[in-house]
Amino acid sequence: MNVLFTTLTLVSLTAMLIFSPAEAFPTMIAGVKSAITLSLKLLAIYAVWLSALKMMQATGLDKKLSKLLRPVIRRLFKGESEDAYDNISVNLSANMLGMGGVATPAGIRAMTAMQDGSAKATHNMILLIVINATSIQLVPATVIALRAAAGSADASDIFFPTLIATSVSTLSGIILCKVLSLKKDKSNDKTAALSLQFEQKKSDFCKYITQKRHAK
Amino acid sequence: MSVFILPAFLIFLIVFSLVKRVKVYDCFLGGAKDSLSLVKSIFPYIAAIFVCIELFRASGAADKLADLLAKPLAFLGIPKEITQLMMLVPLSGGGAIALLEDIIARYGVDSYIARCAACVSGASETVFYISAVYLSACKAKKLRYAIPVSLFCTLLGTVTACLLCRFL
C-alpha cells in the first residue's frame, strides 16, 4: 500500500505540475474534505450497525451460527485439531455477520493451530485464507447504509446480487483450492526431487573444486 | 422483498434480546461508543486514499488507465467506470468505501454503475491485508497459491455482480 500510494501520488502530482499546477494543492484538500464527510456518514452507520452486532454477541447468536457451520467446517478442513475447528467456526461465522473485530483474532489463532512448523502454508491454511479473502457476507450493512444516505429509491436492492456474487467467489475459491491441493502435491514432489538432485550436484562440484585446489 | 430484510432482522434481534434478557439500550450505547473509535482508526486510511484518488483523477491518469483496461473488461461485462474500484478493493477496505462513495456521488446512487460498484465492494474483501494479518502469528510465510486464487475468485464475483445488476 505504501508503494502504491507513493507512486500514484507522485505520478499524478507530476502530471498536474505540467498540465494544471494551480489545482494540485486544492485537489488534495478537497480529497481530505470528502474523507471527513464520509467519516461522519460512516460514524452514523457504524453506531447503528455495531449496536446490532453487540446484540448478536450478547444473545449468543454468533455462537449459534458457528455451531451450525461446524459440520461443514469439519468436512472442508480435514485432519485438524478440535482447537482449530473451534477457531475456524468462530472466525467464519463472525465474518459472515460482518464482525471483523471478532473474526480476525479467531482467524489468527486458527492459523497457528493449523501450521505444521514448516515455512510453507498448508493446504488447509490456504483454504482458510481464501475463504476469508472471498468472504461470504450475509448483510452488506455499510454499503446499504451508504446507498440509503445518498437517497437511493431502494437502498437494499443490491442485497441479492451481492449475496450471489460473494457466494460465487467463495464457492469457486473452495473448489479451486481443493483442485490445487490435489495437483500441487505431485508437482511439489517433483520439484523437491529436482532440487535435491541439484544440491547433490552442487556439493559434488564444490568437493571437486576444493580437491583440485589442494592438489595444486 | 429485500426492503424488508434489514428492518425485519433488527426486529428479530431486539425480540431475541428480550427473550434472552439482554439489555438493548446498553447494546446501543456500546455500539455507538465503538463506532467512534472505529471511525477514528479508519479515518487516516480514508483521508489518504481520497487524496490519492482525487489527484489520480484530476491529473487525467485515471481516465488513461480506464481506457487502457476498457476492452478486456468490457469483454467480461464489467463497466470501465469501476476499474479503479476493482483494483483498490483487494488493497484497502477503507479506500474501497471511499471510492464507492465517490462513484455514488458521480453517477447517481441508482445508476447501473453505482449499483455495480456497491455490489462489488459489498462482495469482496481486502485480499492482501487478510493474508498478511492471518499469517502474522505463524512461522509459515509462504502463501503459495492463496493470493492468485483469491484474486481470481474475487474477479469471478465481480463479473457475477456486474451481470446480476443488469437484471436484478
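**Reading the fold and the contact**

Modeller: Along its sequence, chain B follows the pattern α-α-α-α-α-α-α-α. Helices (H or I, at least four residues) and strands (E, at least two) are DSSP runs, numbered from the N terminus. This is a predicted model: local features need pLDDT of at least 70, side-chain atom pairs count only at pLDDT 80 or more, and totals for chains, interfaces and linings use all residues. Residues are numbered from 1 along each chain as its sequence is written, while chains are lettered from A and ligands numbered from 1 in the order in which they are written.

Biologist: How many helices and strands does chain B have?

Modeller: Eight helices and zero strands. The C-alpha trace of chain B spans about 60 × 45 × 30 Å along its principal axes.

Biologist: What share of chain B is buried?

Modeller: Start with the cut-offs. A residue is buried if 20 or more other C-beta atoms lie within 10 Å of its own, exposed if 12 or fewer, and partly exposed in between; C-beta atoms are placed from the backbone. Of the 168 residues in chain B, 43% are buried.

Biologist: How do I describe two packed helices?

Modeller: By the angle between their axes and the distance between the axes. Take H6(A), residues 123-133, and H7(B): their axes come within 9 Å and cross at roughly 145°. Axes are lines fitted to C-alpha atoms, for helices over the stretch in contact, and angles run from 0 to 180 degrees between N-to-C directions. Ile129(A), Asn132(A) and Ala133(A) meet Val127(B), Ile130(B), Ser131(B) and Tyr134(B) in this contact. By class, the contact has five nonpolar, two polar and no charged residues.

Biologist: Why is H6(A) called largely enclosed?

Modeller: 11 of the 11 residues of H6(A) are buried, so the rest of the structure largely encloses this helix.

Biologist: What about nonpolar side chains?

Modeller: In soluble globular proteins, they tend to be buried together. A nonpolar core is a set of buried Ala, Val, Leu, Ile, Met, Phe, Trp, Tyr and Cys residues joined through C-beta atoms within 7 Å. The largest one has 100 residues, and Leu85(B), Leu100(B) and Val120(B) touch the most other members. H2(B) supplies the largest share of this core, 14 residues. Domain 1 (1-51) and domain 2 (60-188) of chain A both give residues to this core, so it lies between them. Those bounds come from an automatic or database domain assignment.

Biologist: What does Val120(B) touch?

Modeller: Ile82(B), Leu85(B), Met86(B), Val89(B), Thr158(B) and Ala161(B), not counting residues up to four places away in sequence.

Biologist: And backbone angles?

Modeller: Most residues other than glycine have a negative phi. Arg21(B), in the loop between H1 and H2 of chain B, has a positive phi of about 60°. With 8 C-beta neighbours inside 10 Å, Arg21(B) counts as exposed. Arg144(B) has a positive phi of about 50° and is found in the loop between H7 and H8 of chain B. With 18 C-beta neighbours inside 10 Å, Arg144(B) counts as partly exposed.

Definitions and conventions:
Contact = placed C-beta atoms within 7 Å. Nonpolar A, V, L, I, M, F, W, Y, C, P; charged D, E, K, R; others polar.
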